[in-house]
Amino acid sequence: MAKKPIKSASQRANVKKTLSVAVDPQVGFVRTEPAPLLPPPPSEGGFTGWLYKNIFASMSDFGSFGGATKSIFMGFVTLILSYFLVTQTLALLDFAIFSAVWSDPKGLEREACWTVEQGGALPAGWHAACWPFIQAKAKFIFYGAYPSDELWRVNLAYLVGSVMLAWVMIERLPYRKIVGALLLTAYPVFATVLLTGGAFGISTSTIGVYTILSLALITMGRLGKAGYVSGALGDLASVAGVCGWVVILFAAVLAVFSVDFSLEAIDTRDWGGLLITLVVAITGIVASLPLGILLALGRRSDMPVARFLSTVFIEFWRGVPLITVLFMASVMLPLFMPEGVNFDMLLRALIGVTLFSAAYMAEVVRGGLQAIDKGQYEGADAVGLSYWQSMRLIILPQALTHVIPGIVNTFIGLFKDTALVSIVGIFDLLGAAQSTLADAAWSTPVQGLTGYLVVAVIFFIFCFGMSRYSMFMERKLSRSRNR
Amino acid sequence: MAQPQHSPAPAVDQNTVVSMRNVNKWFGQFHVLRDINLTVAKGERIVVCGPSGSGKSTLIRCLNRLEKHQDGDISVHGIELNNDVKNIDEIRREVGMVFQHFNLFPHLSILENCMLAPIWVRKTPRAEAEEIAMHFLTRVKIPEQARKYPGQLSGGQQQRVAIARALCMQPQLMLFDEPTSALDPEMIKEVLDTMVELADDGMTMICVTHEMGFARKVANRVIFMDEGQIVEQNEPEAFFNNPQSDRTKLFLSQILGH
């Protein structure tokens, strides 16, 4: 409410004297009706509001000379950037779609993509994608040297995996947890048998030994629980029980691997292209997350042994480049293995990639664990939860949600790092595409560009898909917590 | 040289919920709890007050092993508090704690917050745990908030949920660590009323607080701590009207002055 202007000199003098305790009778005020609730000005709401905030925010300040200069400058910059954006996008679309050659009806192979200057039919100066080349090489790029009659097995593995994954991701479907558990346990066994042909010839006696061992461990665990063993031995007994269950699952997997499903055996050396990229990436991603979580918990543990081992593991695997790991695995490992033991090349790469990625994941998860308020740990302790219960129910759900960006970042990086396996002679997507560039039957000036364009688009689809899904997960989780 | 003065420790019997004898604790070099002797009987309500840094929070946090004491004996409900994990787990089941900053689990609903411990610690079946949770949420007068998340509740409501969560384990002893210090003044009353009702129902409680009105109304004993030692303890009327120690008098003049 406005103050009455002070007019007379005596009043002014009075105010000056008693400034610290100015008692102006106009200050007292009581509101009798609520102030009206008005809609916001146009710069705030609706489409115009969106335009103001997102496009014109830095270009609409004409209140002062400095502001006006900046606005005009930003306007120019926007125009220039928009020009580049539009022209480059159009150029890309032109290369890939509008000017591209889509079919080769006469079977001319490389001549279908030659300009008149080279002896073909296309106009001079033509420079766009040659899709018949990709069509001819598609099988190699997607499956590698996998026998063509057996491609149904790869497709079946993809189909089952995609259906199960979609089932887990779609909210409304029932039994998502069971399907998720199967996806992590039964599906890898299923896919391995399907893709390699199974029948690894594991002797019944080996399986028998593991089964008996696991039963012994489980019995020890049960005895410990029932209270027949006390103190430190009791803790050891419960650990033995857990190990027993792990070993029996391992024995079951070995049993499945030894059954002959009369599928043709296909060596992993014949796998290639997108198949290899997906196998390495998915195995790496799925295996490195739990291992990374365990390492992070170990590094933060009160037990010195766990802390030491976790730290050594993490620092070692972070200290060597992935390429070195793959080289060591392919070249050095056979030197350390006993005579005749021949570790499958792909398996070596899988183990190397998984352990490498787990070390990175461990640090990402540790960041999340550190960000959790100490009060959460105390609240969980005070209410009586054990260490593993509080981790599983309270701390990890919050910590992992905090670091979803970091985790997905690591996943995406891992997906692209799988291209390094070509160094050790495994043909991943990029390696397969590169080897098709050596085919002289399709030699054109755009052969390389077309091939790399396809590889880039495929990588982009997977990586961007992961990124989008992570945004979706983050939004969903923050909604449920109303932060 | 004068004999070190020990604070009195009444006899321990089966009615004793907490017994602390000659307890000392250090944070590194800093001697944070000095010669603590305290016995709490069933149904007693203790209020611990004192200036900040006097060790009052540390004292009650030692009772459920959120802090480790280096010297002396503590036993809760007859169970000795030492490094044995089984003892610690047993004690934590019988002791409920309410924190200054609530420490509710933000990713679970209110109902799930209260059901969590009975299900996973006492192995109560889910339906029964839900019943118990709703019973205690009704008791703290917020049953309608059961499906909401902690972030959607006011401070006073969150603290009442924290009290309900602790009660769902049906503990023998409740510890309150400055439960109203982080609340807006309008919400302090609702939480204190809940605590008064709890006291009237016979719950053994140890409360660290600056709310002297609450102490006068509810406490059997008021304990004044300063610099890690128990300086004075007495019944509330005697404590407030007739403080013996100079330090107590100074503290009371500061806290009751405004």
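## The Glu94(B)–Arg122(B) pair

Glu94(B) is buried, its relative accessible area being 18%; buried denotes under 20% relative accessible area, exposed over 50%, and partly exposed the range in between, computed with a 1.4 Å probe on protein chains only. Arg122(B), at 32%, is partly exposed. The side chains of these two residues, Glu94(B) and Arg122(B), form a salt bridge with an N to O distance of 3.9 Å, the criterion being a side-chain nitrogen of Lys or Arg within 4 Å of a carboxyl oxygen of Asp or Glu. The partners belong to distant parts of the chain, 28 residues apart: Glu94(B) is in helix H2 (residues 85-94) of chain B, and Arg122(B) is in the loop between H3 and helix H4 (126-139) of chain B. Helices (H or I, at least four residues) and strands (E, at least two) are DSSP runs, numbered from the N terminus.

## Basis of the model

The structure is a predicted model, in which local features need pLDDT of at least 70 and side-chain atom pairs count only at pLDDT 80 or more, whereas totals for chains, interfaces and linings use all residues; side-chain values use heavy atoms, with hydrogens and water left out. Residues are numbered from 1 along each chain as its sequence is written, and chains are lettered from A and ligands numbered from 1 in the order in which they are written.

## Interface of chains A and B

In the interface, 22 residues of chain B are in contact with 22 residues of chain A, contact meaning heavy atoms within 4.5 Å. The area buried between the two chains is about 2,000 Å², with 58% contributed by carbon and sulfur atoms; buried area is the accessible area (1.4 Å probe) that two parts lose on being put together, summed over both.

Two salt bridges are counted between chain B and chain A. Asp381(A) and Arg92(B) meet in a salt bridge through their side chains, at 3.9 Å from N to O.

On the side of chain B that touches chain A, strand S6 (95-98) and helix H3 (110-120) of chain B each supply at least two residues. H3(B) gives the largest share, three residues. By class, the residues on this side of chain B divide into 14 nonpolar, four polar and four charged. Here Ala, Val, Leu, Ile, Met, Phe, Trp, Tyr, Cys and Pro count as nonpolar, Asp, Glu, Lys and Arg as charged, and the others, Gly among them, as polar.

## Salt bridges within the chains

Over all chains, the search of the whole structure finds 25 salt bridges. In chain B, the side chains of Lys141(B) and Glu197(B) meet at 2.7 Å, N to O. Lys141(B) lies in the loop between H4 and H5 and Glu197(B) in helix H6 (residues 185-200), so this pair ties together parts that are 56 residues apart in sequence. Glu197(B) is partly exposed at 33% relative accessible area.

In chain A, Glu150(A) and Arg153(A) form a salt bridge at 2.9 Å, N to O. Both partners are buried: Glu150(A) has a relative accessible area of 12%, and Arg153(A) one of 0%. A network of salt bridges links Arg299(A), Glu315(A), Arg318(A), Glu363(A) and Arg366(A).

Helix H5 (residues 155-167) of chain B has 13 residues and reaches 18 Å from its first C-alpha to its last, close to the 18 Å expected; the expected span is 1.5 Å times one less than the number of residues. Of the 13 residues of H5(B), 13 are buried. Thr138(B), placed in helix H4, is partly exposed at 44% relative accessibility. The C-alpha atoms of Thr138(B) and Ala164(B) are separated by 8.9 Å, and the two residues are 26 residues apart along the chain.

The end C-alpha atoms of H6(B) are 23 Å apart, which agrees with the 22 Å that its 16 residues should span. Its buried residues include Met187(B), Ile188(B), Val191(B) and Leu192(B). Their cover includes H4, H5, strand S3 (45-49), strand S7 (173-177), strand S8 (204-208) and helix H7 (212-218) of chain B.

## Thr450(A)

Thr450(A) is in helix H17 (residues 447-481) of chain A and is buried, with a relative accessible area of 0%. Leaving aside residues up to four places away in sequence, Thr450(A) touches Ala129(A), Cys130(A), Trp131(A), Phe133(A) and Ile134(A).
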